[in-house]
Amino acid sequence: MNAAIRQYLVITGNYWAFTLTDGALRMLVVLHFHQLGYSPLEIALLFIFYEFFGVVTNLVGGYLGARMGLNRTMNIGLFLQIVALAMLAVPAAMLTVPWVMAAQALSGIAKDLNKMSAKSGIKLLVPDEQQGTLYKWVAILTGSKNTLKGVGFFLGGVLLMAAGFKGAVIVMAVALGLVWLASLFLLKQELGKSKAKPKFTDILSKSRAINVLSAARMFLFGARDVWFVVALPVYLHTVFGWDHWKVGGFMASWIIGYGFIQTIAPRITGNMEGKKPAVLWAAFLALIPAAIASGLMVGWSPQVVIVGGLLLFGVLFAINSSLHSYLIVSYARGDGVSLDVGFYYMSNAAGRLLGTILSGWVYQVYGLEACLWISAGLVAMAALLSIMLPERRQVVA
């Protein structure tokens, strides 16, 4: 096993462990505070700082990664997640909205430091001429991460029922602490550290390709989270009457399937030829939420339309997401890669922030159908922006 593969496995294992706790914590907070009687909009507001600080972290984190090295930013992310979990392991009386929002803010910083470091690190392990290998490695990292995030959703529901909210976060904090200690010793020193010290003004991308792709990514992830974050789990619980096991199980299955499709996206899309796949797959995706909303409006079975439609949405969304994840790593510069990747994932976080706010507010005021129509519009914007992406050479495996 060569050094590059060893580092790839360390980065991936680190990312996997973090993702399990991230998915479980998201489901724990949604279900626990829904049990306490919080409205959908109030639950969404608990995640506002999580998403907002994700925007800030990706922007500044890329700069820090280039200055300090990606090994340090990745390990800092792990440590901050442990602190965030510990903040929630307090007596129930202390779990006020400001306290939970603060813990979520810290978790958002941790998540995006970890993700930016992992995605940037892959770029440095694959020679530039091996674009096919790069696409496959990014797809495996991204897809496996999302599969485990789905497992985390299910884990969150199980831990909530088995150990309660406090017990669940303590278990996760201890497990992640062990991973953090291992990562301190196994991750290569100076990974991703720029040879030329970047200026703080370099955090804003000067690349047209990265700016366009970042804008498309923002609309793409806003389109997912406008129904996924709050609207769907609350709808499944209140309208379908599903218990926490069923809600957690469905959300977990959706993410697991989505992650699996991401890992095999290179087989589905074939060779990359610039903007064409990004435009076409986004256009296909925009049709799905519009079709689901139309089916609900004409009175078709909600269970069939929503469950079946959102599973199809997950397949197409996974392909779009995997294409974007490959393109940003491919477009990014070699020296100071974390600056470009950080800027891109800043837009990703901005899309999640937009979707989270809309998910709680639109669902509470107008219902799930409105969330789905907005989702269709946001994906359409991503497709239109993708038309402006530059062409790329055909991938060589």
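Biologist: Why are Phe49 and Phe53 said to be separated by about one helical turn?

Modeller: Because they stand four residues apart in helix α3 (residues 48–68), a helix being a DSSP run of H or I with at least four residues, numbered from the N terminus. This is a predicted model in which local features need pLDDT of at least 70 and side-chain atom pairs count only at pLDDT 80 or more, while totals for chains, interfaces and linings use all residues. Residues are numbered from 1 along each chain as its sequence is written, and side-chain values use heavy atoms, with hydrogens and water left out.

Biologist: How many aromatic pairs does the structure hold, and why is the pair of Phe49 and Phe53 called edge-to-face?

Modeller: The structure holds 15 aromatic pairs. In that of Phe49 and Phe53 the ring centres are 5.9 Å apart and the planes stand at 80°, so the pair is edge-to-face, given that rings of Phe, Tyr and Trp (its six-membered ring) pair with centres within 6.5 Å, and that planes under 30 degrees apart count as stacked, over 60 as edge-to-face and the rest as tilted.

Biologist: What makes Phe53 partly exposed?

Modeller: The relative accessibility of Phe53 is 28%, and partly exposed lies between buried (under 20% relative accessible area) and exposed (over 50%), with a 1.4 Å probe and protein chains only; Phe49, at 36%, is partly exposed as well.

Biologist: Why is the pair of Trp361 and Tyr366 called edge-to-face?

Modeller: Because the planes of Trp361 and Tyr366 are at 90°, with the ring centres 6.0 Å apart. Trp361 has 40% relative accessibility and counts as partly exposed, whereas Tyr366, at 57%, counts as exposed.

Biologist: Which residues form the salt bridge, and are they buried or exposed?

Modeller: The structure holds one salt bridge. Asp225 and Arg224 form it, with their closest N and O atoms 2.7 Å apart, and the definition asks for a side-chain nitrogen of Lys or Arg within 4 Å of a carboxyl oxygen of Asp or Glu. Asp225 is buried, at 2% relative accessible area, and Arg224 also counts as buried, at 5%.

Note on methods:
Helix = DSSP H or I, 4+ residues; strand = E, 2+ residues; numbered from the N terminus.
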